[in-house]
Amino acid sequence: MAYSEKVVDHFNNPRNMGSFKKDEEGVGTGMVGAPECGDVMKLQIKVQNDTIVDAKFKTFGCGSAIASSSLATEWLKGKTIEEAQQIKNTDIVQELNLPPVKIHCSVLAEDAIKAALADYQKKADGALADAK
Amino acid sequence: MDHQHRHSSSPRELQMARSMCWHCQSEVSGEYFCDRCVKVQPVSKELDYFTCMGFPRRLTIDPRQLESKFYELSRAFHPDFFQNKSAEEQTISLGNSAMLNTAYRTLRDPIQRAEYLLDLEAGAVKDIRTSPPADLFEEILELQDTLDEYRAADRASDTAATLCAKLQMERTTLERRQQDMENALQQLFTQWDILQDRGEATDQTRAERDRILKHMRDILSNRTYVKNIVNDLVATIS
């Protein structure tokens, strides 16, 4: 199976690879895995005033998984929390031309986004409760 | 014979085929062949692989017993023996053989067998997909970074030597962990079989079954994650 040009590009030049400190203010961390294939994905967002100002990822998996998470971080930057919630795995499939056998990689990326957003929300709610 | 049977493929009719011979309509008491007209009977697609091979839903299966059952049924269903029979019988023999092969391949491997059992029993265990093991993921990603560093380092340098020693240690630790997981799985298999053999249906046994299945799901998933990183590790340092 040949990877699409876009997948190869993200694989060779991954955008936003790395990580933030988990307990840093405004950072949300999503850690997901696919037990079927053993891929592991960590996606983090940094939020200021309800807007995602930065995003980073680390992925252990196949080219499509790396490309999906790399693309996801690109898309997340500059989006509001609400806009970020709208990102669907099908958008990733379309953008990267993923074949059917690699759709689960895009699902993993969507799960990672959701997990990161949920983690950020949880932390923000906690901080709010502490302040009260 | 009438032509209706050529098109009988709806689930209802297939089910009927298990109790009534598709050919002579007499009741089938034998497992795979009609007692009266000796025609081969289709194995229902809804039958699970354990039942198909005549084994209870246990996780310890004697491989020799499984193999001999496989050979026995292969001889009974093999399309070669149906070359001179009717088109219906040829189709049935082909379908049965295909199902038998998949069933045997699935049940032969202990891990695939357990995965299959989990699929079968998944309905009983709500929320069988538990939260991902965050610690393990952190470890894997960290190890991945070290592997990248090692790949980028000059092989003759001291840095490479230090990294290689570190990776060797990680490998030993992970391989020990793999062994621990295999042992834990083996124990769970035994526990499951004991419960199955008792065959009680109390709330307590149900809770116990769920606990075992869930634990099994977790270990099987973690096992895949660890296996992948170990493969990567071994390929890089050897």
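1. Confidence in chain B. This is a predicted model, and chain B has a mean pLDDT of 85. In that chain, 87% of the residues reach 70 or more. Residues 1-17 of chain B fall below 50 in pLDDT. Leaving aside near neighbours in sequence, this stretch still has 13 contacts in the model. Its placement should be read with that confidence value in mind.

2. Confidence in the complex. For the complex as a whole, the predictor reports an ipTM of 0.80. The pTM that goes with it is 0.76.

3. Make-up of chain B. Chain B contains eight helices and zero strands, so its pattern along the sequence reads α-α-α-α-α-α-α-α. The chain has 238 residues, of which 17% count as buried. Among its contacts with a separation of 6 or more, 60% are between residues 24 or more positions apart.

4. Domains of chain B. Where they meet, five residues of domain 1 are in contact with five residues of domain 2. On the domain 1 side of chain B, the residues that touch domain 2 comprise two nonpolar, one polar and two charged.

5. A residue to look at in chain B. Asn222(B) sits in helix α8 of chain B. Is Asn222(B) buried or exposed? Asn222(B) is buried, because 20 other C-beta atoms lie within 10 Å and the cut-off for a buried residue is 20 or more. Setting aside residues up to four places away in sequence, Asn222(B) touches Pro133(B), Leu136(B) and Met181(B). Glu170(B) is 52 residues from Asn222(B) in sequence, and their C-alpha atoms are 16 Å apart in space.

6. Contact between the chains. Twelve residues from chain B and nine residues from chain A take part in the contact. On the chain B side, α6 and α8 are the elements that give two or more residues. Of the elements on that side, α8(B) gives the most, with six residues. By type, the chain B residues that touch chain A are seven nonpolar, four polar and one charged.

7. The largest nonpolar core. Which residues touch the most other members of the largest nonpolar core? They are Met41(A), Ala72(A), Leu108(A), Ala109(A), Ala112(A) and Ile113(A), in a core of 38 residues. This core draws on both chains: β1 (27-34), β2 (39-48), β3 (51-60), α2 (63-76), α4 (89-96) and α5 (103-131) of chain A each supply at least two residues, as do α6 (134-152) and α8 (203-237) of chain B. The most comes from α5(A), with eight residues. In soluble globular proteins, nonpolar side chains tend to be buried together.

8. Leu108(A) touches Val32(A), Ala34(A), Asp39(A), Met41(A), Ala65(A) and Ser68(A), with residues up to four places away in sequence not counted.

Terms used. Residues are numbered from 1 along each chain as its sequence is written. Chains are lettered from A and ligands numbered from 1 in the order in which they are written. This is a predicted model: local features need pLDDT of at least 70, side-chain atom pairs count only at pLDDT 80 or more; totals for chains, interfaces and linings use all residues. A nonpolar core is a set of buried Ala, Val, Leu, Ile, Met, Phe, Trp, Tyr and Cys residues joined through C-beta atoms within 7 Å. A residue is buried if 20 or more other C-beta atoms lie within 10 Å of its own, exposed if 12 or fewer, and partly exposed in between; C-beta atoms are placed from the backbone. Helices (H or I, at least four residues) and strands (E, at least two) are DSSP runs, numbered from the N terminus. Two residues are in contact if their C-beta atoms, placed from the backbone, lie within 7 Å. Ala, Val, Leu, Ile, Met, Phe, Trp, Tyr, Cys and Pro count as nonpolar, Asp, Glu, Lys and Arg as charged, and the others, Gly among them, as polar. pLDDT is the predictor's confidence in each residue, from 0 to 100.
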